[in-house]
Amino acid sequence: MRILLRNTQTGLFYAGPEKWTEHDAEAVDFEKTDRALDTAWASRIASVEVLVRFEEPFFEIPLRVVGFGK
């Protein structure tokens, strides 16, 4: 299982400060949802969701983040 941040407008994955990628394999794996939320909050990333992605590619849980952004 991987915990990722994905921009809901562009579909890009968070790869580090000011870095986004199309490829989930290059994205930061936060390992825990609270780490992903802390990063989104601290960076004031708008239009973002925490994506819980399992090994089976057809199974993922998107958690839309509301209430913060720039």
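Is valine 28 buried, exposed or partly exposed, and what is its relative accessible area? Valine 28 is partly exposed, at a relative accessible area of 27%; here buried means under 20% relative accessible area, exposed over 50%, and partly exposed in between, computed with a 1.4 Å probe on protein chains only. The structure shown is a predicted model, in which local features need pLDDT of at least 70 and side-chain atom pairs count only at pLDDT 80 or more, while totals for chains, interfaces and linings use all residues. Residues are numbered from 1 along each chain as its sequence is written, and side-chain values use heavy atoms, with hydrogens and water left out.

**View A. Valine 28 and its surroundings.** Valine 28 belongs to the loop between strand 3 (19-21) and helix 1. Helices (H or I, at least four residues) and strands (E, at least two) are DSSP runs, numbered from the N terminus. Not counting residues up to four places away in sequence, valine 28 touches Ile3, Leu4, Tyr14, Ala15 and Gly16, where contact means heavy atoms within 4.5 Å. From C-alpha to C-alpha, valine 28 and arginine 6 are 10 Å apart in space, and they are 22 residues apart in sequence.

**View B. The largest nonpolar core.** This core has 11 residues in all: Ile3, Leu5, Tyr14, Phe30, Ala36, Ala40, Ile45, Val48, Val50, Val52 and Val65. A nonpolar core is a set of buried Ala, Val, Leu, Ile, Met, Phe, Trp, Tyr and Cys residues joined through side-chain atoms within 4.5 Å. At least two residues of the core come from each of strand 1 (2-7), helix 1 (33-43) and strand 4 (48-53). Strand 4 supplies the largest share, 3 residues. In soluble globular proteins, nonpolar side chains tend to be buried together. Leaving aside neighbours within four places in sequence, isoleucine 3 has contacts that include Val28, Phe30, Ala36, Val50 and Val52.

View C. Ala36, Thr39 and Ala40 are buried in helix 1. These residues lie on the same side of helix 1, because they cover an arc of only 95 degrees around the axis; the arc is that of the directions from the helix axis to the C-beta atoms. An α-helix has 3.6 residues a turn, so residues three or four places apart point the same way. Strand 1, strand 2 (13-16) and strand 4 are among the elements that cover the buried residues of helix 1. Asp38 and Ala42, on the other side of helix 1, are exposed. Just after helix 1, arginine 44 takes a positive phi of about 55 degrees.

**View D. Asparagine 7 in strand 1.** Asparagine 7 is a residue of strand 1 and is buried, with a relative accessible area of 13%. A polar atom of the asparagine 7 side chain lies 2.7 Å from the backbone nitrogen of glutamine 9. Residues up to four places away in sequence aside, asparagine 7 touches Leu12, Trp20, Ala46, Ser47 and Val48.

**View E. Glutamate 49 and arginine 6.** Glutamate 49, in strand 4, counts as buried at 8% relative accessibility. Its side chain is joined to that of arginine 6 by a polar contact of 2.6 Å. A polar contact is a pair of N or O atoms within 3.5 Å; within protein, one must be able to donate a hydrogen and the other to accept it, and residues adjacent in sequence count only if both atoms are side-chain atoms. Not counting residues up to four places away in sequence, glutamate 49 also touches residues including Leu4, Leu5, Thr8, Pro62 and Val65.

**View F. Salt bridges.** A search of the whole structure finds 6 salt bridges, each a side-chain nitrogen of Lys or Arg within 4 Å of a carboxyl oxygen of Asp or Glu. One of them joins the side chains of arginine 6 and glutamate 60 (3.7 Å, N to O). That pair links distant parts of the chain, with arginine 6 in strand 1 and glutamate 60 in strand 5 (residues 60-65), 54 residues apart. Arginine 6 counts as buried at 15% relative accessibility, and glutamate 60 as partly exposed at 27%. Aspartate 24 and arginine 53 also meet through their side chains in a salt bridge (2.4 Å, N to O). In the side-chain salt bridge of arginine 35 and glutamate 31 (3.4 Å, N to O), arginine 35 is partly exposed at 40% and glutamate 31 is exposed at 55%. Salt bridges that share partners join Arg6, Asp24, Glu49, Arg53 and Glu60 into one network.
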